[in-house]
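Let me put the structure up, and then we can walk through it together.

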Amino acid sequence: MGRPMAVSERDRSYFRKIGEWKASLPADSPPPPRTFDQVYEVMVRIQRGLSPAPSHGDDAAAVMRLTDFRERLLRLEARRSDRRNANSR
Amino acid sequence: MIDESLAAQLQALFGDGMDWAVVGGNAANLYRRDARATVDTDVLISLDRRTMQDVSEFLAHQGWAVRSMPEGGWLLRVAHPHHGSLDVIASETDYQQAALARAKVTMFGDIPLRALAVEDVLIHKLIADRYKDEADVHDILRTEPALDEAYLGKWLDEWGVRERYERIAARVRTD
């Protein structure tokens, strides 16, 4: 049986340094708020680096994501409405 | 990805009315410090003036194929060989109507589109609550955007997402 994996303080410090370095880099996009054509130019640049460039999302995953979002929204909306009704009584 | 041709189609379909807006990753990219890769285009619409069937027929004429239209007409997912996937989502809550009413006109060249205001992008992302939504909120807050605090605060409390927002905002302050 192998030694249990552990994260040392040295590991933490290493990843913290990488994070700080990344955060210090200049932004790769024109400053926000942007226009849609500025976003498009960045997207073209990003996609050039992806091989093959994704053109379509996963239909089933997208419908599941949007259904989940909708259910959450409707659940919260119902709770809001109940609260409003209780307050008006 | 929204390019000039998709921008022109969205404008032809939805026009200058205040009842639609680009949402999701494309809207977040208007406000993030760094725009991120996003595949699907999401549009929120009000169905007062049209049905999802109308939208579906218009898009079919433009070469889009219907991939999914769940019962109740709240969602239409279409795909195009050049433009990728487009999700058209019907507004069903008071909050979504309020967000549509305050959406911002945002240009693609000389084509006016509508997109959620930054506060509503944050609220949508906080409700959706996936890893990449939290990353969007974090990256937007890093730009220190001018926020309508009263509006944002009202909906953070209504949706019960204030704690999530404060946690991410605190992380941004210590970055």
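Let's start with chain A, which has three helices and zero strands; helices here are DSSP runs of H or I with at least four residues, strands are E runs of at least two, and both are numbered from the N terminus. Along the sequence, chain A reads α-α-α.

A word on conventions: this is a predicted model, where local features need pLDDT of at least 70, side-chain atom pairs count only at pLDDT 80 or more, and totals for chains, interfaces and linings use all residues. Residues are numbered from 1 along each chain as its sequence is written, while chains are lettered from A and ligands numbered from 1 in the order in which they are written.

How many of the 89 residues of chain A count as buried? The figure is 12%, where buried means 20 or more other C-beta atoms within 10 Å of the residue's own, exposed means 12 or fewer, and partly exposed is in between, with C-beta atoms placed from the backbone.

Chain A also has a cis peptide bond, between A:Pro32 and A:Pro33, with omega at about -5°. A:Pro33 sits in the loop between helix H1 (9–24) and helix H2 (36–48) of chain A.

Now, where do the two chains meet? Chain B puts 40 residues into the contact and chain A puts in 31 residues; two residues are in contact if their C-beta atoms, placed from the backbone, lie within 7 Å. On the chain B side, the elements giving two or more residues include helix H2 (24–31), strand S3 (65–68) and H5. By class, that side has 19 nonpolar, ten polar and eleven charged residues. For the classes, Ala, Val, Leu, Ile, Met, Phe, Trp, Tyr, Cys and Pro count as nonpolar, Asp, Glu, Lys and Arg as charged, and the others, Gly among them, as polar.

One residue to look at is B:Thr93, in the loop between strand S5 (84–90) and helix H4 (94–101) of chain B. Not counting residues up to four places away in sequence, B:Thr93 touches A:Leu73 and A:Glu77. B:Thr93 is partly exposed, because 16 other C-beta atoms lie within 10 Å.

Next, the helix packing in chain B. Helix H5 (residues 118–128) and helix H6 (residues 131–141) of chain B pack at about 150°, with axes 8 Å apart; axes are lines fitted to C-alpha atoms, for helices over the stretch in contact, and angles run from 0 to 180 degrees between N-to-C directions. So H5(B) is roughly antiparallel to H6(B), a label for angles over 145 degrees, with under 35 being roughly parallel, 65 to 115 roughly perpendicular and the rest oblique. Among the residues making this contact are B:Leu122 of H5(B) and B:Ile140 of H6(B).

H5(B) has another partner: the axes of H2(B) and H5(B) come within 10 Å and cross at roughly 130°. That makes H2(B) oblique to H5(B). Here B:Ala27, B:Ala28 and B:Tyr31 of H2(B) meet B:Val118, B:Val121 and B:Lys125 of H5(B).

Last stop, the loop between H5 and H6 of chain B, which holds B:Asp129. Its phi is near 60°, a positive value in a residue other than glycine. B:Asp129 is partly exposed, with 14 other C-beta atoms within 10 Å.
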